[in-house]
Amino acid sequence: MSTLNVDKVDPSTGTALEIGTSGDTITVPSGATFVVAGTTEITGTNNVQRPNAQPFIINGDMVVAQRSTSVTGKTSSGFFTCDRLQFVANDAGTWTIIQETQTTGDAYDNGLKEAYRMDCTTADASVAADSILGLKYKMEGFNVQEFKKGTSNAETYTLSFWVKSNVTGTGQVNMRDETNNRMCSATYTTDVTNTWEKKVLNFAADTSGASACTNAEALAIEWMVAAGTDYSSGTAPTAWETIANTDRAAAVTLALSGSTDNDFAITGIQLEVGTYTSTTIPPFQHESYGNNLQRCLRYFEMMADGRQDSDAIIALGFVYQTNVISLAYQWHPKRATPSIDQSSGTDYFRYARDGGTEDFDSIKIYIPNANTGLIYSDDAFTGADDENGWVQINNAAAYVALSAEL
Amino acid sequence: MIDTVTKYYLNGQHAGYIVTHKDSNRTLSVPVAEDNTDYQEILKWVEEGNTIEEAD
């Protein structure tokens, strides 16, 4: 091996310098310093600005679905299947929403085995002015400070995702600053029916409007796939502006609510700091299921689900007063003070104690904070004080959860 | 979409709200907490002219 001792290597012609050939290994020895000066960019599939950080998007691969894997008859907004992704709808047909397991296709071949899918079951071909249909991902302020929004060093955004629909057309994605009521948009097209396509969208930096560094919603990503004139009569903004509802779906031609044949699926959602193209975007960063679930639990925690285990134990229980039973349940720390989210029905829950069982309908929460609180029921218990036991699911349709969603 | 909102009490103290929904049997027990988005939804629902019911 020979050693070349020079202070600078320049291309002999033009501006391109090549080192080695495909298959070679170029080594920077241990202890050496590799400097990338100023704004110089390194392009390539391993150009990750945050190599040791968790992905911004939680559950971007749609693997965690604590609430359900399939729901039907949805006509209004809510969180239904895959964690963290909100269905947004008003007067835009009726939808079945599923966590769809993939078996083939380019998304599957890129390690994305689950997707969020919505299927139209009742069409609304003539949408009203206030109709809207889409998906939304919300981020709290604590988790978006790396974009340095509202400063002179504000970063650009790159959003990547896989999409599949039976409809070809244009969809619009809005980056929303919920702290300062601002938005910026980008568009994409579904080019081939029923085929996974990877989209990479760029959003401008915004030197106005700093994101509040709190647990409140600060940044949101909004996929619009159908809308009436209240949301579509403006112009999709490619520069940041004050949110105008008329601009939110101005570029949309998908009109997904128009037929019961229509469906829309998405997975592999990835948000990066900086500007990337389809060739330079880093690979999707898969997390372990355990890490993924842990991050989801900050927002939603299924305590017990009768749809998976019809007599699942929820917690130890004890009678606090003659008619109040308390549940000894320690939850995962939440983003904010949680609600109890449950299905309601007669005798959906059971208290099993030494003296027998008592069935009841609902569970409540009392003086909670993000980390702890009293979970109880006061559905007319007759057990004696201090009689211990456990509380369990008593109906296959029953569930109880803690929700601190944005 | 919210259908009804009813106050609930424990030990005589207003502990929160029971929220039912129009298109499902989903029920929420919502604490009186400003950082809770379900509570924020209740306040918005009231602003739209709806009324919270007292406990039975």
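How much area do chain A and chain B bury between them? The two chains bury about 2000 Å², of which 43% is on carbon and sulfur atoms. The model is predicted, local features need pLDDT of at least 70, side-chain atom pairs count only at pLDDT 80 or more, and totals for chains, interfaces and linings use all residues. Residues are numbered from 1 along each chain as its sequence is written, chains are lettered from A and ligands numbered from 1 in the order in which they are written, and side-chain values use heavy atoms, with hydrogens and water left out.

**View 1. The contact between chain A and chain B.** Buried area is the accessible area (1.4 Å probe) that two parts lose on being put together, summed over both. Chain A brings 31 residues to the contact and chain B brings 22 residues, where contact means heavy atoms within 4.5 Å. A:Thr337, A:Ser339 and A:Tyr366 supply 23% of the area that chain A buries against chain B, more than any other three residues.

View 2. A:Asp341 and B:Arg26 meet in a salt bridge through their side chains, at 2.9 Å from N to O. On the side of chain A that touches chain B, the elements giving two or more residues include strand S14 (313-321) and strand S22 (399-403) of chain A. The largest share of that side, five residues, comes from S16(A). Strands (E, at least two residues) and helices (H or I, at least four) are DSSP runs, numbered from the N terminus.

View 3. S16(A) and strand S3 (residues 26-31) of chain B run antiparallel and are joined by four bridges. Two strands pair if DSSP finds at least two bridges between them. B:Thr27 in S3(B) is the bridge partner of A:Gln342.

**View 4. A salt bridge between buried residues of chain A.** The side chains of A:Glu301 and A:Lys334 form a salt bridge at 2.5 Å, N to O. A:Glu301 lies in strand S13 (residues 300-305) and A:Lys334 in the loop between strand S15 (324-328) and strand S16 (339-343) of chain A, so the pair ties together parts that are 33 residues apart in sequence. Both A:Glu301 and A:Lys334 are buried; buried means under 20% relative accessible area, exposed over 50%, and partly exposed in between (1.4 Å probe, protein chains only).

**View 5. Salt bridges between partly exposed residues.** A:Lys148 pairs with A:Glu155 in a salt bridge whose closest N and O atoms are 2.6 Å apart. A:Lys148 is partly exposed at 32% relative accessible area, and A:Glu155 is partly exposed at 21%. In a further salt bridge, the side chains of A:Asp359 and A:Arg350 meet at 2.7 Å, N to O.

**View 6. The surroundings of A:Asn174.** A:Asn174 lies in strand S7 (residues 169-177) of chain A and is buried, with a relative accessible area of 0%. Its side chain makes a polar contact with the side chain of A:Gln172 at 2.8 Å. The side chain of A:Asn174 also reaches the backbone oxygen of A:Arg248 at 2.8 Å.

Terms used:
A salt bridge is a side-chain nitrogen of Lys or Arg within 4 Å of a carboxyl oxygen of Asp or Glu. A polar contact is a pair of N or O atoms within 3.5 Å; within protein, one must be able to donate a hydrogen and the other to accept it, and residues adjacent in sequence count only if both atoms are side-chain atoms.
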